[in-house]
Amino acid sequence: MPACNTCSCREPLGFGVKMAFQPIVDIANREVFAYESLVRGENGEGAGDVLARVNDDNKYTFDQTCRIRSIETAAKLNLQQNLSINFMPNAIYEPETCLAQTLKTANETGFPREKIIFEVTEHEKIENHNLLVDVFKTYREYGFRTAIDDFGEGYAGLNLLADFQPDFLKIDMNLIRNIHLDRTKKAILSGIISVATELEIQLIAEGIETDDEYKYLRDRGINLMQGYFFCRPAIEQLNQPNWPE
């Protein structure tokens, strides 16, 4: 694997970060399927405050720092489930090279790479679609799993899905909100379920906040869920979810 020595990812970030963890639950088996790693400030500041400090000069360092901190913290907490890590699609310039430090950290901490899921969010406009497809393919070749986060909300969507089929689609919380009351959202969800079934992709419903949302999704056969209804993120802790009756 090429050495990472041609971009700015080794430059000091200039501010500290910690990782919070939120469970993704398997409601069929009543167990935690994975913990998603979410960035926080070193004094507990929210993700928005941290991301406001990210710019073109430090985005490579930020992306690498979050990956490394996620794996190191998960290993320190003796995480046994899967670990889901967000990455910035525009903070990668060469897939294998930018993966080198992630592999090194996983090897040094003993965290199994097959338990790592890389999520790309639709919130950020993809500057190089073909590069992102190459990134996903490279991650799969090295034994990682992949997910499209916030599916149905932003820029990537069906175009990315047409060129690469990830292991998971995470349905955007705006589609989930009050879905049991919204005919249009119900129809869109039915379409997503149909596509995911045909392509053998697992669905994760995120942003669940109410019992009604939970029951509607459960009754549609979605078993992987995430949201405040089950558990809020906790900084450097692996909190257990609250299971509905």
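**Exercise 1.** Which residues of helix 4 are buried?

*Solution.* Keep in mind that this is a predicted model. Start by setting the cut-off: a residue counts as buried when its relative accessible area is under 20%. Now go along helix 4 and pick out what passes: Leu131, Leu132 and Val133, then Val135 and Phe136, and finally Thr138 and Tyr139.

**Exercise 2.** Check the span of helix 4 against its number of residues, then look at what follows the helix.

*Solution.* Helix 4 covers residues 129-141, which makes 13 residues. At 1.5 Å a residue, the helix should span 18 Å. The end C-alpha atoms sit 19 Å apart, so the two values agree. Past the helix comes Gly143, and its phi is positive, near 95°.

**Exercise 3.** Describe the largest pocket: its volume, its lining and where that lining comes from.

*Solution.* First the volume, which is about 850 Å³. Next, count the lining: 33 residues, with Glu36, Leu38, Ala47, Asn86 and Asp149 nearest the centre. Several elements give two or more residues each, including strand 1 (17-26), helix 2 (59-76) and strand 5 (145-151). Strand 2 has the largest share, with five residues. Sorted by kind, the lining has 13 nonpolar, 10 polar and 10 charged residues.

Note on methods:
Residues are numbered from 1 along each chain as its sequence is written. This is a predicted model: local features need pLDDT of at least 70, side-chain atom pairs count only at pLDDT 80 or more; totals for chains, interfaces and linings use all residues. Side-chain values use heavy atoms; hydrogens and water are left out. Helices (H or I, at least four residues) and strands (E, at least two) are DSSP runs, numbered from the N terminus. The expected span of a helix is 1.5 Å times one less than its number of residues. Buried means under 20% relative accessible area, exposed over 50%, partly exposed in between (1.4 Å probe, protein chains only). On a 1 Å grid over the protein atoms alone, a cavity is a set of points where a 1.4 Å probe fits but cannot get out, and a pocket is an open set with protein on both sides within 12 Å along at least five of seven lines; lining residues have an atom within 4 Å of a point. Grid points are joined across faces, edges and corners, and a volume is the space filled by probe spheres set on the points. Ala, Val, Leu, Ile, Met, Phe, Trp, Tyr, Cys and Pro count as nonpolar, Asp, Glu, Lys and Arg as charged, and the others, Gly among them, as polar.
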